[in-house]
Amino acid sequence: MRKILLIIILFVFGLSFGQSKKKMTDEEKLTKCITENTNYFAFDGQKPNGKGWEIIENLFAENQFVAWGEYHNSPLLSQLTRYALESASKNGYKTWCVETSPFAASELMHIAKAKNPFENFLEIKQKRPNFTTFPFFETKEDFAMLSTAAKLGYSIWGIDQEFQMSFPYCLEKAFGSLPEKKQGKLKAVYDSLQTKWWNPEPKLLDSLKKEVRQPDLKRMLDDIKISEDIYYYSDNQKRADLMKANFFAYYDASKNKKVFFKMGSNHLAKGMNLETNLYDIGNAVYELSQRNKTKFSNVYCMVRYTEDKGIITDDLEEKDNQNPKVFSKLYDKEKWVLVDLRSLRLKMRYDNTITSDTYKIIEKYDYVLISPEILK
């Protein structure tokens, strides 16, 4: 009897040991998968070098749409984007979609053709030094990136709202297009609009629009009214709808259907936007690729360190971290780190051992790209 009892105990112990040995949490799987699917590349302002960059370049060969989900205002990322534009161009891409309005995009294309685009921009900036005329195009690196796009023959699609701080510039362009006689007639209207530039009166905008002849300027004045409502009501749904409408207006009229996106990462998620929980432009383009029987690939770009007034913040140590900590841990001060998330999606079983923000990134993006920079 004792022998039988001992055999039973050993069997149960062995069985439980075997099960515990086989069982692996999602967190452990994730660590293993990340190790197997991480590559690197070096970039010192010259051509990027390494396996990670080769993978990024190959995205342009395999996909109709490549979405560069950026963190904003990074000169280093703008430098890297110049090489991404070159790689895309070699694979037939001639369209670059950015987070500006259609009017701002057309102005940027015009500036890009100048002998010195950045100097041209600074002349515009001097009139209103405290205003952001073209969102996310502010630095020398941004305009070098813009010059690269122009030299490679890219069309720039601006699909966003009219940026509020650009209203004065837009109003000036519309008013300046009028003949001198009409300017005199509408001077009081124009002065009133500029006096309350952040919230212009729709009826006054209509009065100016009535006299303007150029279709792009008329549309820009309409876009100001739409954007005014978006800002006033914090209407994220209206903004997402506007982005999609603007994109499809460009897309339907274009012969070249390959598009490279450089926009805020939240807008370019598959499924719902990470911040607004709305279906944004990224999901619309993903579904378009499915309809076309082509491919869409999106990259979630992120930084671990930021600097403000000489104080460096480590996102890994923050309680309200901006990015999943599992990816911040991969930071390498010498190299860019690229994680292929597609294999992770196939192997994860969602057993709640991984944080929700990590799950969301894995579900909504194909790659994570971790920058070595300290973002100022």
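Author: Contact here means heavy atoms within 4.5 Å. Also, keep in mind that this is a predicted model.

Reader: Okay, start me off with the overall picture. What box do the C-alpha atoms of the protein fill, roughly, along the principal axes?

Author: The protein has 16 helices and 9 strands, and 48% of its 376 residues are buried. Taken along the principal axes, the C-alpha atoms fill a box of roughly 110 × 50 × 45 Å.

Reader: What share of the contacts with a separation of 6 or more comes from residues 24 or more positions apart?

Author: Let's count contacts in the protein whose partners have a separation of 6 or more. Of those, the share from residues 24 or more positions apart is 75%.

Reader: On to α12. Which elements are included in what covers its buried residues?

Author: α12 runs over residues 236-253 and spans 26 Å from first C-alpha to last, close to the 26 Å expected for its 18 residues. Its buried residues are Arg239, Ala240, Leu242, Met243, Lys244, Asn246, Phe247 and Tyr251. The cover over them includes β2 (65-70), α5 (102-112), β4 (155-158), α11, β5 (259-264) and α13 (281-292).

Reader: α11 shows up there. Are α8 and α11 roughly parallel or roughly antiparallel to each other?

Author: Helix α8 (residues 167-176) packs on helix α11 (residues 215-233) with the axes 10 Å apart and an angle of about 150°. Angles over 145 degrees count as roughly antiparallel. So α8 and α11 are roughly antiparallel.

Reader: And how many nonpolar, polar and charged residues does that contact have?

Author: α8 passes α11 in a left-handed crossing. From α8 the contact takes Phe167, Cys170, Leu171, Lys173 and Ala174, and from α11 it takes Leu217, Met220, Leu221, Ile224, Ser227 and Glu228. Sorted by class, the contact of α8 with α11 comes to 8 nonpolar, 1 polar and 2 charged residues.

Reader: Now α9 and α10. Is their crossing left-handed or right-handed?

Author: Helix α9 (residues 180-195) and helix α10 (residues 202-211) have axes that come within 10 Å and cross at roughly 150°. They are therefore roughly antiparallel to each other. As for the hand, the crossing of α9 and α10 is left-handed.

Reader: Which residues in α10 are met by α9?

Author: By class, the contact of α9 with α10 has 6 nonpolar, 2 polar and 3 charged residues. On the α9 side sit Lys182, Lys185, Leu186, Val189, Ser192 and Leu193. In α10 they meet Leu204, Leu205, Ser207, Leu208 and Glu211.

Definitions and conventions:
Residues are numbered from 1 along each chain as its sequence is written. This is a predicted model: local features need pLDDT of at least 70, side-chain atom pairs count only at pLDDT 80 or more; totals for chains, interfaces and linings use all residues. Side-chain values use heavy atoms; hydrogens and water are left out. Axes are lines fitted to C-alpha atoms, for helices over the stretch in contact, and angles run from 0 to 180 degrees between N-to-C directions. Helices (H or I, at least four residues) and strands (E, at least two) are DSSP runs, numbered from the N terminus. Angles under 35 degrees count as roughly parallel, over 145 as roughly antiparallel, 65 to 115 as roughly perpendicular and the rest as oblique. A crossing is left-handed if the near helix is turned anticlockwise from the far one by less than a right angle, and right-handed if clockwise. Ala, Val, Leu, Ile, Met, Phe, Trp, Tyr, Cys and Pro count as nonpolar, Asp, Glu, Lys and Arg as charged, and the others, Gly among them, as polar. The expected span of a helix is 1.5 Å times one less than its number of residues. Buried means under 20% relative accessible area, exposed over 50%, partly exposed in between (1.4 Å probe, protein chains only).
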